[in-house]
Amino acid sequence: MHAERMQRAFAALDAANGGDPHVLILHGQARPKERAHAELACGWVRKLQPEAGELLLLAARAHHLRRWELPRAAFPAGRAGYLAWRREAQRRHAACARRILAEAGYNAAEQQRVCDLVQKRGLARGDGEAQALEDALCLVFLETQLAALHGRLGAAHTEAVLRKTLRKMSAAAIQHALALPLAGAERALLLQARGAEA
């Protein structure tokens, strides 16, 4: 790992997410939401893969760069609108990451690998880094967004979302999910979803 350039890139990625007007309370402190999510995702990657490579860690830090600039409401309702929004959001995240990485001294191939991970594009089946990133993102979702989702969608719809989430996760990540300090109702839904997937 090139620690100095990685720290430069981390600082620039964090600065890019530092302007998020949405706030997440993390460990009792109000933080810009996407910056906090990026830090959590990076932490989960390190926990899941203690020997995680530099580019994977950068992808975790860059996965939702400046996401608030493209709200979901800018696209039509329904699944087709959601997929179009997600594709464009991922394209924007990758483009922003590429600029930051170039300025930090990463070559074109390194930039491309990070962008492919961020966009979930061009990845080989069984790509361990892609799975680690997917696991990390799912765990961040469960620890920071599950309760709000449950309040908004209700139990049945939330359990359906959880079933889809669990299908994307490795067995090791699911064990981490089961150890999260979730509220009783959300823990029960997670266990129900896991039972349905078993």
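Arg72 comes out as partly exposed, because its relative accessible area is 26% (buried is under 20%, exposed over 50% and partly exposed in between, with a 1.4 Å probe and protein chains only). The model is a predicted one, where local features need pLDDT of at least 70 and side-chain atom pairs count only at pLDDT 80 or more, while totals for chains, interfaces and linings use all residues. Residues are numbered from 1 along each chain as its sequence is written, and side-chain values use heavy atoms, with hydrogens and water left out.

Arg72 sits in the loop between α3 (54–62) and α4 (78–104); helices here are DSSP runs of H or I, at least four residues, numbered from the N terminus. Beyond its neighbours within four places in sequence, Arg72 touches Ala77, Gly78, Gly81, Tyr82 and Trp85 (contact means heavy atoms within 4.5 Å). Ala89 is 17 residues away from Arg72 in sequence, with 9.2 Å between the two C-alpha atoms.

Then there is α5, residues 108–119. At the start of α5, a side-chain oxygen of Asn107 comes within 3.1 Å of the backbone nitrogen of Ala109. Buried residues of α5 include Val114, Cys115, Leu117 and Val118, along with Asp116. Among the elements covering the buried residues of α5 are α1 (3–17), α3, α4 and α6 (128–144). After α5 comes Lys120, with a positive phi near 55°.

Key: Helices (H or I, at least four residues) and strands (E, at least two) are DSSP runs, numbered from the N terminus. The expected span of a helix is 1.5 Å times one less than its number of residues. A polar contact is a pair of N or O atoms within 3.5 Å; within protein, one must be able to donate a hydrogen and the other to accept it, and residues adjacent in sequence count only if both atoms are side-chain atoms.
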